[in-house]
Amino acid sequence: MNILLIGNGFDLAHHLPTTYNDFLTFLDALRTLSSSDLPSKLNKKIKELIQNNQNKENIEKIKKLNYKDNLWYLHFYAVKNINNNWCDFEKEIEYITSGLEDIKKSLEKTRTLKGNSTQLLENNFFISAAQQFIFDKYQKTDIGFDNYKPQKRVTDIPYPNYLTLDLNCSYEHIAYNVMNSRDITIAFEDLLKFIIEQLNEFTKCFELYLSLFVNKLHIQKIKFINDIILQNKNLHILSFNYTNTLSKYTPNYDFKICFIHGEAKNDENDNLVLGTDETAERSDPLFTRFKKYFQRTAKGCNSDYYSWIKTINNYNSSPIRSASGTNSFEYNSNNNLFIIGHSLTLSDRKILYELITLNNMHTKIYYHTSNSRIELMQNLAAILGQDKFAELTSNKVIEFEEGKFDKLLEDE
């Protein structure tokens, strides 16, 4: 079996604006559509699509998700402005989730805590989350009083005085206390549910950006990638990307493709996996919905790669001694794994380890520069461990090869 595994570097090699910073720049551009001063960093092709009247309906779809007031967008946007080199949503989600778990542990010790004695008011994200949660519930709750009127701005809403655990705080009670300037109590579970809902809405914005804009962009094929596809007719594709870039190589080719983190679509569902490291040692069920392994199942992502692994394991899985009679081993090259554009980071270590360490699997990892080769090697060593890394690389079971990413095919 031949497997091609691709990550976001695959899209970037085709000059597609698929980084998280590209997406935030796109959202920033939508905020300034009424002026001619669009962000200078906005991709030129995306700019053309935005300014094309045919895409007005698509832009409105994204705006209807109210991304400008989305808790996660505001947080990511603020972090990006502080650090221009920051570009990792998932690490930021892990940081936030870790903080939320610490708050829950504190609440479990004391059951009820005043807001100013918890971590809630020590972190801007939690301040915003609590305030937006109250604002959202207050705006949507008609408590039947003559002097009730929705607030115009989130900043007009006071901070909660108390954060509780295992207590049902009705939205009517919250609204009544806001209106009468009384102490406001919110339940941790309700706040967490709101934070997850906001993340799902933000993820849907990202999905629409990819499906309605990025997927429309033309790419030039890279020759060595095209050769791999043409030379391996039974190629199985494991994509960590959300886009349809690979299908543009051979539109009529029936790929056995597994979008392990979901495929960007223009529909009503939230199809993308955007979460935290599946191997992080956190088991509280309240936070399971942040985990990538859980999201893959909940969102119905393709899991065909499990059957691929099973098929390979069931076929001649034992290594054979070398013909020279030495203690080294030769591995049957019945199976080939080509890795292009995946940084081999620890967040996907479980899947990467399973595939690379399969018996009779030969892995070829393509790199762009000598520096990227070293980074890939160090990341792989962290995934495999010292002994397994040394064994597989010294026996040429894993090889690194420079990809000729600048050698393009002529447009057909």
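1. Is cysteine 205 buried or exposed? In this predicted model, cysteine 205 counts as buried, because its relative accessibility is 1%, which lies under the 20% limit for that class. Cysteine 301 falls on the buried side as well, with a relative accessibility of 12%.

2. The strands concerned, β5 and β6, run parallel and are joined by four bridges. On its other pairing, β5 meets β1 in the parallel sense, again over four bridges, and leucine 4 stands opposite isoleucine 237 of β5.

3. Taken as a whole, the open sheet has six strands in the order β6-β5-β1-β9-β10-β11, paired in parallel. Because β6 (256–259) and β11 (398–402) stand at the edges with a single partner strand each, one side of each is left without a neighbour in the sheet. From one strand to the next, the twist averages 20°.

4. Which way do the side chains of β5 point? His236 and Leu238 point one way, whereas Ile237 and Ser239 point the other way, and all of them are buried. Helix α12 (residues 305–313) lies across β5 (236–239), and also across β1 (2–6), β6, β9 and β10, running at about 130° to β5.

5. Further along the sheet, β9 (residues 335–340) and β10 (residues 361–367) run parallel and are joined by six bridges, with leucine 337 standing opposite threonine 363 in β10. Helix α10 (residues 223–231) packs on the sheet here, touching both β9 and β10, and its direction makes about 155° with that of β9.

6. Turning to a pair of helices, the axes of α7 (residues 124–140) and α8 (residues 171–179) come within 9 Å and cross at roughly 100°, and the two helices are therefore roughly perpendicular to each other. The contact is formed by Phe133, Ile134, Lys137 and Tyr138 in α7, which meet Tyr171, Ile174, Ala175, Val178 and Met179 in α8. By class, this contact has eight nonpolar residues, one charged residue and no polar ones.

Terms used. Residues are numbered from 1 along each chain as its sequence is written. This is a predicted model: local features need pLDDT of at least 70, side-chain atom pairs count only at pLDDT 80 or more; totals for chains, interfaces and linings use all residues. Side-chain values use heavy atoms; hydrogens and water are left out. Buried means under 20% relative accessible area, exposed over 50%, partly exposed in between (1.4 Å probe, protein chains only). Axes are lines fitted to C-alpha atoms, for helices over the stretch in contact, and angles run from 0 to 180 degrees between N-to-C directions. Angles under 35 degrees count as roughly parallel, over 145 as roughly antiparallel, 65 to 115 as roughly perpendicular and the rest as oblique. Contact means heavy atoms within 4.5 Å. Ala, Val, Leu, Ile, Met, Phe, Trp, Tyr, Cys and Pro count as nonpolar, Asp, Glu, Lys and Arg as charged, and the others, Gly among them, as polar. Two strands pair if DSSP finds at least two bridges between them.
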